[in-house]
Amino acid sequence: MENIKKIDIHAHVTPNKHLIYPHASGYPMVDDSELLDFYDKINVEKGVLLPLISPEAHFYQLTNQEVKLMADKHPDRFLWFCNIDPRMSGNNPNVDFSKMLNFYKSLGAKGLGELTANLLIDDPLMDNLFYHCAECDMPVTIHIAPADSKYDFYGIKDDIGLPRLEKMLKKYPKLKIFGHSQLFWAEISSDVDEKSRLGYPKGKIKEGRLVQLLREYPNLYCDVSAGSGINALKRDPEYAAKFVEEFSDRIMFGIDICATFNTHMYEYEELLKKFREDKMISEENYYKFVRGNAERLLNLK
């Protein structure tokens, strides 16, 4: 089998871990050398760096400027997205974010994300940001949280069945949305409930709302990163392989390494190896999954 170098669609690094307050769990986010060390172990050529600017996500901000400078430091290894909190510039749903998006786009930003502001997906502020992302042809990586959450969560908010996400997909057909988080991936199965959507559901998959949305809306894509994306593949490998085959043009490899003690990327590597060796997915679709779709959607060739 050809040794295909992967592209990680979901990465975070800090430029100086010793100058930031650690995450609530106690870990400091990985720096560039630590992330690249992981990449070399699991055959990743490039990663897409995502800023974290909304206060709900962390105890510190990872700014557009820091991410851009890190990408410039390693131009052969990192790409980058910019980020905008929809409450910026006066908490006003009529702000012209196209000016800011086009500025960052001119500096090389390939999209926007990770979007983690704790607002309803169809809130007027969020709607305005989605409109401008669509107009500027900037794909958006989203992290979904529960619609009724007031405390203890980060991410844009939706109900079971993702009706608010569907509303935006329908309203802005030019907008490419890269879905991510436990609540997004729990929807791969129809047996999701308020409790299971918050974690890592187990058991055989019964075709869920995510599959229906992918079939109906060609502007929805899947960021298969972190424990949530990997769990969706591991919980039912036979179904997952069929999922990869059906939506081969809409799924992208991602890792979302945040700490040096993370191990989920090694489990991911073993699962993908099994898919290939057992011919559960075609070589063509494996290439699309781990590299080709990112190349196409981010105009890397």
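Contact here means heavy atoms within 4.5 Å. By that criterion, among contacts in the protein between residues at least 6 apart in sequence, 74% join residues at least 24 apart. The model is predicted: local features need pLDDT of at least 70 and side-chain atom pairs count only at pLDDT 80 or more, while totals for chains, interfaces and linings use all residues. Residues are numbered from 1 along each chain as its sequence is written, and side-chain values use heavy atoms, with hydrogens and water left out.

**Overall architecture**

The protein has 12 helices and 10 strands; helices (H or I, at least four residues) and strands (E, at least two) are DSSP runs, numbered from the N terminus. The C-alpha trace spans about 55 × 40 × 40 Å along its principal axes. A compact globule of 301 residues would have a radius of gyration near 19 Å, and the 18 Å of the protein agrees with this. That radius is taken over C-alpha atoms, and the globule rule is 2.2 Å times the number of residues to the power 0.38. Of the 301 residues, 60% count as buried, a term that means under 20% relative accessible area, with exposed over 50% and partly exposed in between (1.4 Å probe, protein chains only).

**Helix packing**

Two packed helices are described by the angle between their axes and the distance between the axes. Axes are lines fitted to C-alpha atoms, for helices over the stretch in contact, and angles run from 0 to 180 degrees between N-to-C directions.

| Helix pair | Axis distance | Axis angle |
|---|---|---|
| Helix 9 (residues 226–234) and helix 11 (residues 264–277) | within 10 Å | roughly 30 degrees |
| Helix 11 and helix 12 (residues 283–297) | 10 Å | about 155 degrees |
| Helix 8 (residues 209–216) and helix 10 | within 12 Å | roughly 15 degrees |

Angles under 35 degrees count as roughly parallel, over 145 as roughly antiparallel, 65 to 115 as roughly perpendicular and the rest as oblique.

The axes of helix 9 and helix 11 cross at roughly 30 degrees, which makes helix 9 roughly parallel to helix 11. Helix 9 passes helix 11 in a left-handed crossing; a crossing is left-handed if the near helix is turned anticlockwise from the far one by less than a right angle, and right-handed if clockwise. On the helix 9 side, A226, I230, L233 and K234 meet H264, E267, Y268 and L271 of helix 11. These residues divide into 5 nonpolar, 1 polar and 2 charged. Ala, Val, Leu, Ile, Met, Phe, Trp, Tyr, Cys and Pro count as nonpolar, Asp, Glu, Lys and Arg as charged, and the others, Gly among them, as polar.

Helix 11 and helix 12 pack at about 155 degrees, so that helix 11 is roughly antiparallel to helix 12. Y268, L272 and R276 of helix 11 form the contact with E283, Y286, F289 and V290 of helix 12. The division is 5 nonpolar, no polar and 2 charged.

For helix 8 and helix 10, the axes cross at roughly 15 degrees, and helix 8 is therefore roughly parallel to helix 10. Their crossing is left-handed. Helix 8 contributes L210, V211, L214 and R215, and helix 10 contributes Y239, F243 and E246.

**Two buried residues**

D236 lies in the loop between helix 9 and helix 10 (237–246). D236 counts as buried because its relative accessibility is 4%. Not counting residues up to four places away in sequence, D236 touches G203, K204 and I205.

N64 lies in helix 2 (residues 64–73) and is buried, with a relative accessible area of 5%. With residues up to four places away in sequence not counted, N64 touches P51, W80, F81, C82, N83 and Y104.
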